[in-house]
Amino acid sequence: MVLGTNLRWEAADVRIGFKITLLLVLVVATAMLIATTFSSTAISKAFNAYFQDNVSMRLEEMTTVVGDYYQKNGWEGIDNIFMPGTGRGRGQGGMGMRRQFADRIIVTDRDGRVVSDSLGHDIGQYYVEKSDAESIPIIVNGEKVGVLIALTSKGKLEENFITSIRIANIKAGMLATILALAVGIYFSRRISKPLVVLSKAARKIADRDLSHRVPIYTKDEIGEVGGAFNKMAESLEHNELLRKNLIADVAHELRTPLSILRGNLELLEEDVIKPSPEVFASLHEESIRISRLVDDLQSLSHADAGEMKFDLSMEDLAQIVRTVVLGLSQEAAKKNIEIRVQSTEPVHALIDRYRIGQVLYNLISNAIHYTEQGRVQITVTNLPSYVQVEICDNGPGIEEEHLPFLFDRFYRVEKSRNRISGGSGLGLAIAKSFVEAHDGRIWVESKSGEGSKFIFSLPKDRE
């Protein structure tokens, strides 16, 4: 089955390269055909015009020669000018001119009787007009004494000339096609090679090898596709790691309260311990922990899926802060922690009061938890287009290596998985999800030994 798949992929690679090469060859061949057709037509017209002008000029020259001869000698001996092999003809330029532009030259008198024929055929006969003849009257002293007629081979000459041009174009086209074929093969391989690598990488990703990456050969669109593929693979690998960690973390978080519940229930069943308010309170507390964990996971699930519903209204954020602080005042008092709220005016924003209250509760309780003694300073700032809240504590701070991961689910600075000492590890992740669902932003600033500052900002209004 794998062999068949590989064959199909290789066949696809060959087809891509073949199509690119064939397309390039067809484009070049078509361009050469069009160029040959247009150039042959244009050259034919230009050559025909040149030939006609040349014939007219030569006829005028010969008419002058013949007229001069007639004026001196009449028509007697005129055929010697055009007959081959005579020194007179060559000396007067008759043969040289005839061979340049005409196959046959005829001279008739004023009555149309042939007095000279360069081929010696129709002397003494009356001339019969021919379609391929060029003629010009012979004028002596203002009087027409005859006609000079040239039977040219312009059709044959033109055909030979155009044929030579076409042959040259065909040779050039063949050379261009060969070059296009070579260039097409070269570039098709350059183009198909990254695609082959990409297809093999896709198969590896499909086979769950999420660590595989593709090399980037170019910086063009294909290189961008390779870069996007690597980012996708990196994201898949990261998400797969988060998924595995999430499963492990959820299992661990549920194991402790479930173990306590199961152990106490077994002891009650075996009558090892007696039912008492204290036992029932312990069981109830563990069930609440499980319920809270499930609620937290459900909140994150809704936020990730974009299914979280908000009841938005203009609220005074400073007042919400004071309400949350009041609810946590006893917890802070037990640790001798002073909570200060700084806000000089009402700070209104379009928010879901319950969700932002949960964000504040998570951040402030987190600051209380990690501060042994001292204070927690909460500052609410009213800015032109958004509001900002800072929760600053003077606790032990957070090492820099942990900062990028603080808002990840189940991440704790302590490696211990004890919920009592470290919480579930979902509070900051929930805060981040709720803030971003309000089109806001949340971040942390901290140094080891200097305390921590959690900051989030929210737009005053949502378009």
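This talk walks through one predicted model, from the overall chain to a sheet, a helix pair and a few backbone details.

First, the ground rules. The model is predicted, so local features need pLDDT of at least 70 and side-chain atom pairs count only at pLDDT 80 or more, while totals for chains, interfaces and linings use all residues. Residues are numbered from 1 along each chain as its sequence is written, and side-chain values use heavy atoms, with hydrogens and water left out.

Let's start with the whole chain. It holds 10 helices and 11 strands. Both are DSSP runs, numbered from the N terminus: helices are H or I with at least four residues, strands are E with at least two. Of the 463 residues in the protein chain, 37% are buried. Buried means under 20% relative accessible area, exposed means over 50%, and partly exposed is in between, with a 1.4 Å probe and protein chains only. Now contacts, meaning heavy atoms within 4.5 Å. Take those in the protein chain with a separation of 6 or more: 65% come from residues 24 or more positions apart.

On to the sheet. Strands of a sheet pair through backbone hydrogen bonds, either parallel or antiparallel. Here 4 strands make an open sheet, in the order 2-1-4-3, with antiparallel pairing. Pairing requires at least two DSSP bridges between two strands. Which strands stand at the edges? Strand 2 (114-117) and strand 3 (133-140) do; each has a single partner strand, so one side of each is left without a neighbour in the sheet. On average, neighbouring strands of this sheet are turned by 20 degrees against each other, direction ignored.

Look at strand 4 (residues 143-151). It is joined to strand 1 (residues 104-109) by 6 bridges, and the two run antiparallel. Asp109 stands opposite Gly146 of strand 4. Strand 3 is joined to strand 4 by 8 bridges, again antiparallel. There, Ala133 has Leu151 as its bridge partner.

Strands 3 and 4 form a hairpin with 2 residues between them. Asn141 sits in that loop. Asn141 is not a glycine, yet has a positive phi of about 55 degrees. Is Asn141 buried or exposed? Exposed, because its relative accessibility is 71%.

Next, a helix pair. Two packed helices are described by the angle between their axes and the distance between the axes. Helix 7 (residues 317-334) packs on helix 8 (residues 353-369) at about 40 degrees, axes 9 Å apart. Axes are lines fitted to C-alpha atoms, for helices over the stretch in contact; angles run from 0 to 180 degrees between N-to-C directions. The two helices are therefore oblique to each other. The cut-offs: under 35 degrees is roughly parallel, over 145 roughly antiparallel, 65 to 115 roughly perpendicular, and the rest oblique. Who makes the contact? The contact residues split into 12 nonpolar, 3 polar and 2 charged. Nonpolar covers Ala, Val, Leu, Ile, Met, Phe, Trp, Tyr, Cys and Pro; charged covers Asp, Glu, Lys and Arg; the others, Gly among them, are polar.

Asp271 lies in the loop between helix 5 (221-269) and helix 6 (277-305). Its phi is positive, about 65 degrees, although Asp271 is not a glycine. At 45% relative accessibility, Asp271 counts as partly exposed. Finally, helix 10 (residues 427-437): its buried residues include Leu428, Ile430 and Phe434. Just after helix 10, Asp439 takes a positive phi of about 65 degrees.
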